[in-house]
Amino acid sequence: MEESCSRNMRSTEQREEAKKVRQKTAKKRSQEGEGEEQDEIFNFNKKPAEEEEEDEDLSDSEDSVYSGLEDSGSDSEDDEEEEKGSDEEEEENDDDDLKVERKHAEQEEEEEEEEEEGGVTEREEEKQEDEYKCDSSDEEDIRNTVGNIPMEWYKDFPHIGYDLDGKKIYKPIRNKDELDDFLDKMENPDYWRTVHDKQTGSDIVLSDEQVELVNRLQRGQFGDVNFNEYQPQVEFFSKDLMLHPVTNRPADKRSFIPSLIEKEKVSKLVHAIKMGWIKPRRQEDDSRGRYYDLWASEDSSILAKHRMHLPAPKIPLPGHHESYNPPPEYLFTDEERALWEQQDPSDRKFPFVPRTFSSLRQVPAFPRFIHERFERCLDLYLCPRQRKMRVNVNPEDLIPKLPKPKDLQPFPTTQSLVYRGHSSLVRSISVSPSGQWLASGSDDGSVRFWEVHSSRCLKTVQVGGAVKSVAWNPNPSVCLLAVALDSVVLILSPSLADRQVVSSSERLLSGQQEAEPTEGPGSVTWTEGEGEELTQGIHLKIQHPKAVHQVVWHAKGDYLASVMPDHSSHLQVFIHQVSRRRSQNPFRKNKGLVQCVSFHPVRPYFFVATQRAVRIYNLVKQEMTKKLQANSKWISSMAVHPGGDHVICGSYDCRLSWFDLDLSTKPYKMLRHHKKAVRGVAYHRLYPLFASASDDGSVIVCHGTVYNDLLQNPLIVPVKVLRGHTITHDLGVLDVTFHPTQPWIFSSGADATVRLFT
Amino acid sequence: MGGLQKKKFERGSATNYITRNKARKKLQLSLPDFRRLCILKGIYPHEPKHKKKVNKGSTAPRTFYLLKDIRFLLHEPIVGKFRDYKVFVRKLKRAYGKTEWSAVERLRENKPTYKLDHIIKERYPTFIDALRDIDDSLCMCFLFSTFARTGKCHVQTIQLCRRLTVEWMNFVIASRALKKVFLSIKGIYYQAEVMGQLITWLVPYQFSHDHPTDVDYRVMATFTELYTTLLGFVNFRLYHSLNLVYPPKLDSKTESELKEEDEDDYAMNSESYLEKLSALSASLARVVSTAEEEEAELDQFPVEGEDIEKMEAREKEQKQQEIQKKLFEGLKFFLNREVPRESLAFVIRCFGGEVSWDKSVCIGSTYEVTDETITHQIVDRPNVDKQYINRYYIHPQWVYDCVNAKIVLPVEDYFLGVTLPPHLSPFVEEKEGDYVPPEKLKIMALQRGEKPAHEQEEEEEEEEEDGEGEDEEEEDDDNEEEDDEDEEAEEKNLKKLEEQRSQGKSLQVKVTAGKVKVENPARLEQEEKAEEKRLAIMMMKKKEKYLYDKIMFGKKRKVREANKLAAKRKAHDDAEKSKKKKMKK
């Protein structure tokens with residue numbers, strides 16, 4: 001190849017010489033069996049140049065190929081000479097050629113073709129020479145010499161360019177307008193093949209050949225009809241063993257010496273194998289998808305032994321809601337749907353909205369299917385599992401088995417009488433020890449005396465102030481009533497008994513007239529009733545320094561305790577002795593706001609209930625013996641069992657606590673029966689009953705048996721809920737008390753009535 | 001006073017637990033590997049009772065594992081495999097970085113793999129344990145078998161899942177173990193009873209999945225790895241328990257038939273075989289070819305007293321089950337192309353029916369539409385052009401409802417163009433007091449063998465019944481009200497009397513004739529009992545009261561919900577009725 005390139009530079013003589021030399025080498029090469037192949041390469045290069053079908057003589061030798069090659073860049077004279085030379089050589093080569101051709105019978109045809117082509121090129125070059133005579137430069141239109149410029153530059157001129165002689169070429173008189181054009185289009189059969197030439201401004205009608213050419217080019221084919229673009233390829237390197245080598249270069253030395261680099265590599269590999277770094281190729285393990293009887297021999301596993309292991313719970317099964325066509329009641333209404341959308345996803349009852357489809361065909365894919373499965377996966381490996389003990393209790397079993405109320409009779413069950421007369425809430429009631437009379441004190445400033453059986457009001461005493469507390473003297477031999485209002489305690493003798501009793505009680509009141517007025521700090525003053533008051537029955541007035549809230553009698557009827565709740569002073573409780581008209585303050589210290597007090601029915605004990613605790617004082621020894629913790633916020637009332645060993649406390653936080661004094665200072669039982677504050681509690685003197693009154697308008701009567709056996713705890717059973725009082729100003733029942741002998745109960749309420757339940 | 005000071009958190013519950021991070025460090029595993037190990041071994045975190053104690057005084061949220069669990073993981077051979085894999089990845093990266101392609105190839109060939117057989121054996125020591133836990137694996141495999149073979153996971157996994165699920169379905173058909181089917185909006189639930197275990201699985205509808213981005217497919221793939229292994233072993237065992245060949249082979253007779261037809265449709269023989277299996281139309285080959293399996297008769301044991309009743313009940317149940325197994329025997333179905341073929345073929349074949357479909361839908365169809373012996377054609381479109389006289393054209397829901405009702409239901413409700421009756425969940429078992437949809441009552445009546453009266457009559461009856469019920473209720477209310485009124489009246493009278501008395505003697509005293517109060521002894525007794533109960537409830541302890549209140553609240557809520565459903569239904573029915581009336585007018 002290099003040779004052919006340099007050849008153009010040399011002179012013709014040189015060329016001839018060189019040619020001879022080259023032809024000789026070519027001969028040698030052909031002997032080696034390579035010559036043809038090289039020729040073929042050259043032929044390849046020439047291929048595009050060849051044209052036109054041909055049936056030339058087939059006798060052209062290989063050398064003609066060479067000549068064709070040479071011609072591409074040289075004169076025609078050379079060609080002739082060469083042809084001669086080649087003819088000469090042809091004869092010489094004949095024998096060799098025959099051999100070669102015989103050897104490569106298959107290639108013959110190809111070669112022949114190439115030979116033909118060689119001939120073709122020769123002649124064509126001759127043809128083209130004429131064209132070059134006219135113009136050696138590129139193919140330019142010579143009718144107009146302006147060159148390859150945009151023709152609109154001549155738009156404004158009358159001419160379109162210049163001919164070879166430099167004369168102007170005038171634009172053809174163009175009188176065609178759109179209409180003409182259209183008519184032309186309609187009438188002229190050759191219109192479609194007419195082309196406007198901008199350069200000359202003339203219309204050219206294309207010939208059939210030219211149209212065919214355009215069509216071929218548009219189809220992407222070669223312009224020449226006869227050109228075969230899929231000619232068989234000649235392989236340079238083929239599988240066949242050639243007679244002559246491609247290159248004649250002797251083998252390198254290095255191809256005879258073992259390679260050092262390779263040796264190094266091999267030794268590395270050997271070392272790696274020895275060290276076990278490289279393992280032999282593993283056998284293809286296809287046992288992954290192969291199954292066998294895994295449980296052929298069953299035994300327990302470690303997990304099974306593992307105490308803490310819990311199997312995962314199963315997914316709950318779907319209900320009617322999830323059906324693709326659920327009953328209509330399971331579909332969401334608009335409100336439910338809105339609620340569902342508002343709710344947090346974790347709060348929702350269902351993670352989906354129930355939907356209905358009229359046929360199975362219309363059911364779409366569930367969009368959260370993969371999510372749900374993924375969440376299940378997460379649950380399986382991320383959730384701590386816990387064994388939840390499910391309470392499988394029949395609720396009936398939880399209800400304690402109590403003795404039937406029927407068996408615990410008698411107790412009050414029905415409301416039998418209502419005592420009306422007061423005009424304001426009745427704060428306190430008290431029953432006379434005989435059980436015949438009932439006294440009630442109200443906020444309307446009156447104390448009324450009722451006959452229990454007939455509910456008639458026998459007597460009304462206007463005391464001129466809201467009555468806080470009333471208490472009958474428990475001594476049956478006297479008939480006295482203590483009334484607390486404002487800061488005064490009045491002792492009334494209602495004269496509702498035998499003359500003898502009345503006289504004895506009056507004697508008691510007037511007994512020790514010579515009481516020392518100077519006793520104490522002078523805070524309490526005893527005065528006698530006079531005039532009008534005396535006719536009403538008010539015999540004694542005990543003036544206190546502060547407002548009195550409660551009065552209580554001692555069981556013997558001589559002593560009287562009054563309560564003046566006050567945070568800041570120790571003057572909260574006074575004990576008065578009526579027979580000697582003497583008062584004393586038993587406490588030196590303030591232990592808290594005193595709510596109520598009570599005497600022990602038999603022994604010289606005194607119960608003081610403060611806000612949170614009940615303190616029990618021994619009056620003889622003058623010391624505190626016990627402090628009961630009520631476990632409630634604010635004690636409202638207290639009652640002592642006639643036996644003296646049990647105390648109940650009602651509190652404003654709806655509780656009733658039962659204390660067993662022998663058992664503990666903590667309540668034996670807390671009863672939370674009431675819905676609202678407990679206002680009053682009471683024990684029955686004879687029957688094992690106690691009651692509590694509350695602001696919710698109910699009185700609850702409980703059975704409370706106390707056993708003499710110390711080991712047996714009291715039995716407490718609620719037996720009746722009595723309702724009757726109406727709630728006024730958020731106040732219900734204010735006081736409650738039992739009849740001294742009958743299983744009857746009186747209650748006074750904020751609705752200004754007193755009621756009797758029997 | 002002597003002795004060393006006791007250090008905190010060195011005894012007690014603090015030593016029983018280990019945090020996740022510590023566990024991970026102890027096992028020398030990365031978090032993904034640790035997660036995979038936990039999944040494979042079934043280790044889950046534990047919630048300690050006293051979190052603060054275990055957490056060494058801190059209240060930071062931490063995940064705790066039992067120390068014993070982690071120790072148990074230490075000896076797992078698969079941990080070593082994980083480490084090997086880590087090393088392999090490192091080496092591979094290095095080889096890539098150095099562009100040593102031969103090394104890459106060599107490493108690739110020696111990629112470490114692991115097997116999970118021993119883990120399965122360890123987690124499920126007995127076969128029954130494995131069966132009990134197979135629900136999740138079935139769901140997962142069915143899901144994975146529907147995935148497209150692109151991207152999300154290995155193609156082999158999908159193929160394996162498909163193979164295993166097809167094997168499972170074939171087993172269920174062969175053993176006729178299917179009990180319940182439910183078409184839900186999520187997919188189709190199946191429940192089968194295998195060796196006394198109820199196994200439920202969910203199959204999504206045949207749609208391509210819209211793969212969510214917030215799902216970690218690695219976790220799912222790890223689970224699938226475990227589940228495919230488990231399911232494979234279970235399938236093997238189950239096939240052998242039925243004397244079937246595993247891996248499943250079609251019956252030689254049917255096989256030859258099939259072969260003639262579609263030899264050329266599939267490129268790979270193995271693939272076509274799986275397709276043929278998944279067509280579910282042919283029975284499987286048995287190891288010992290017996291004509292029919294003899295029914296195992298229950299041996300009669302001499303029993304006494306109550307046991308006899310039990311035995312009888314059991315026998316009855318068994319007979320019923322036998323009947324249910326042959327529910328579709330003798331029926332010939334043809335599936336139109338718009339119905340879910342696989343599900344229906346599976347269900348029908350499970351109950352002994354014959355089924356076929358159009359040849360172009362799937363391989364393995366056994367007869368043509370034109371077959372005159374077809375009894376039911378399952379169609380899910382409003383009308384069919386060419387109808388044959390001697391067969392029913394019914395909606396697919398009929399098949400599922402029949403299975404759930406355990407009887408062949410009347411086909412009238414499921415004809416073309418008819419509004420379908422609601423599809424009920426067979427998994428709901430109504431207890432006393434629960435709401436039972438009227439459709440279920442109807443089916444129950446059919447099961448008892450009562451013939452459904454003409455619908456309108458029924459409706460009328462229902463109406464009447466409803467009316468009666470309401471009336472009764474109203475009457476009750478009235479009674480109560482009357483009583484109340486009586487009492488009130490009495491009280492008023494009393495009040496008046498009292499007022500008269502108290503206000504003074506000026507008013508003339510008048511005696512009004514008393515009314516005879518009629519006492520209903522039963523009612524009185526009831527009231528007394530109610531009051532007793534109320535009083536006893538008052539005496540409950542706080543704890544018990546709380547529990548009692550909770551239980552009662554739950555009960556009340558249940559009643560409320562049932563009432564709500566009933567009311568909704570009634571409103572709906574009323575609306576329907578009024579609509580009908582309007583239409584008539």
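Me: What makes residue pairs count as being in polar contact across the interface of chain B and chain A, and how many are there?

Reply: The rule finds 37 such residue pairs across that interface, both partners being at pLDDT 80 or more. A polar contact here is a pair of N or O atoms within 3.5 Å; within protein, one must be able to donate a hydrogen and the other to accept it, and residues adjacent in sequence count only if both atoms are side-chain atoms. On the chain B side, the largest share of what touches chain A is 14 residues from helix 11 of chain B. Helices (H or I, at least four residues) and strands (E, at least two) are DSSP runs, numbered from the N terminus.

Me: What kind of model is this, and what pLDDT do local features need?

Reply: It's a predicted model: local features need pLDDT of at least 70, side-chain atom pairs count only at pLDDT 80 or more, and totals for chains, interfaces and linings use all residues. As for bookkeeping, residues are numbered from 1 along each chain as its sequence is written, chains are lettered from A and ligands numbered from 1 in the order in which they are written, and side-chain values use heavy atoms, leaving out hydrogens and water.

Me: How many residues make up the contact between chain B and chain A?

Reply: 124 residues of chain B are in contact with 97 residues of chain A, where contact means heavy atoms within 4.5 Å. The buried area comes to about 9,500 Å², and carbon and sulfur atoms give 63% of that. That area is the accessible area (1.4 Å probe) that the two parts lose on being put together, summed over both. B:Y44, B:I185 and B:M539 supply 9% of what chain B buries against chain A, more than any other three residues.

Me: Why is the pairing of B:D136 with A:R376 called a salt bridge?

Reply: The definition wants a side-chain nitrogen of Lys or Arg within 4 Å of a carboxyl oxygen of Asp or Glu. For B:D136 and A:R376, the closest N and O atoms are 2.7 Å apart, and the pair forms a salt bridge.

Me: Is B:D135 buried or exposed?

Reply: Buried means under 20% relative accessible area, exposed over 50%, and partly exposed in between (1.4 Å probe, protein chains only). B:D135 has 11% relative accessibility, so it counts as buried. A:K314, with a relative accessible area of 40%, is partly exposed. The B:D136 pair also crosses between chains, from helix 9 of chain B to A:R376 in helix 12 (residues 369-382) of chain A. Both B:D136 and A:R376 are buried.

Me: What does the salt bridge between B:E76 and B:K41 tie together?

Reply: In this pair, the closest N and O atoms are 2.4 Å apart. B:E76 lies in the loop between helix 4 (67-74) and helix 5 (77-97) of chain B, and B:K41 in helix 2 (residues 31-41), so the pair ties together parts that are 35 residues apart in sequence. Both B:E76 and B:K41 are buried.

Me: Why is helix 15 of chain B described as largely enclosed?

Reply: 10 of the 10 residues of helix 15 (residues 341-350) are buried, so the rest of the structure largely encloses this helix. Among them are B:R341, B:E342 and B:F346. Just after helix 15, B:G352 takes a positive phi of about 85°.

Me: What makes a nonpolar core, and which residues have the most contacts inside the largest one?

Reply: A nonpolar core is a set of buried Ala, Val, Leu, Ile, Met, Phe, Trp, Tyr and Cys residues joined through side-chain atoms within 4.5 Å. The largest has 131 residues, and B:W168, B:L178, B:W201, B:F328, B:F346 and B:W398 have the most contacts inside it. Helix 11 (residues 217-241) of chain B gives the largest share of this core, 13 residues. Residues that B:W168 touches include B:F142, B:W201 and B:L238.

Me: Why does B:Q397 count as buried?

Reply: B:Q397 is at 0% relative accessibility, so it falls on the buried side of the cut-off. It lies in helix 16 (residues 397-405) of chain B. A polar atom of the B:Q397 side chain lies 3.0 Å from the backbone oxygen of B:P421. Contacts of B:Q397 include A:Y324 and A:N325 as well as B:Y414.

Terms used: Lists of a residue's contacts leave out its neighbours within four places in sequence.
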